[in-house]
Amino acid sequence: MTIKEIQEEIIDEFSMFEDWMQRYEYIIELGKSLPLIKEEFKVDENLIVGCQSKVWLHSEIKGENLQFTADSDAILTKGIVAILLRVFNHQKPKDILDADLYFIDEIGLKEHLSPTRANGLVSMIKQIKLYALAFHSKLS
């Protein structure tokens, strides 16, 4: 699936919920389904700067696509990471760099997060795009 198709799928899923309490619960459930990151990747170099919670993000290239693993010590943040990885995992670095993340505004995520969590969301996206830029440069 393309990044755009995945975003449309997420927008559809979130439209089924009537209020933000249900959406928060769903985000937390998504976090619980996040595959475990290997302990060897839970190191300071993989911590995302700008997040109030601890968020580890690791990336490697598999073929032409980036593969991400992540974890967080906060349940809601872990769910947010799970959503971002769903969008970006197994995508080409160039597609990640060119992606317009409209789903965040469409589902109202940023406006329903505390300012520190919203900053963390921006930091996570920035780090994912930095990984994509680094791997894109290597592949070019």
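Predicted model: local features only at pLDDT ≥ 70, side-chain atom pairs only at ≥ 80, totals over all residues.
**Helix 6**

Helix 6 runs over residues 115–139. At 1.5 Å a residue, its 25 residues should span 36 Å, and the end C-alpha atoms are 36 Å apart, which agrees. Its buried residues include Ala118, Leu121, Met124, Ile125, Ile128 and Phe135. Among the elements that cover the buried residues of helix 6 are strand 1 (55–62), strand 2 (65–72) and helix 3 (75–88).

**Packing with helix 3**

Helix 3 and helix 6 pack at about 35°, with axes 11 Å apart. The crossing is right-handed. Helix 3 brings Leu76, Thr77, Ile80, Val81, Leu84 and Phe88 to the contact, while helix 6 brings Arg117, Leu121, Met124, Ile125 and Ile128. By class, the contact holds nine nonpolar, one polar and one charged residues.

**Salt bridges**

The count comes to nine salt bridges. The table gives some of them.

| Pair | Closest N to O distance |
|---|---|
| Lysine 62 – glutamate 60 | 3.4 Å |
| Glutamate 64 – lysine 92 | 3.5 Å |

Glutamate 13 sits in helix 1 (residues 3–15) and arginine 86 in helix 3, 73 residues apart. Glutamate 13 is buried, at 17% relative accessible area. Arginine 86 is partly exposed, at 27%.

Glutamate 64 is exposed, at 53% relative accessible area. Lysine 92 is partly exposed, at 38%.

Methods:
Residues numbered from 1 in each chain as written. Heavy atoms only, no water. Helix = DSSP H or I, 4+ residues; strand = E, 2+ residues; numbered from the N terminus. Expected span 1.5 Å × (residues − 1). Buried < 20%, exposed > 50% of the residue type's maximum accessible area, 1.4 Å probe, protein only. Contact = heavy atoms within 4.5 Å. Axes fitted to C-alpha atoms, helices over the stretch in contact; angles between N-to-C directions. Left-handed = near helix turned anticlockwise from the far one by under 90°. Nonpolar A, V, L, I, M, F, W, Y, C, P; charged D, E, K, R; others polar. Salt bridge = Lys/Arg side-chain N within 4 Å of Asp/Glu carboxyl O.
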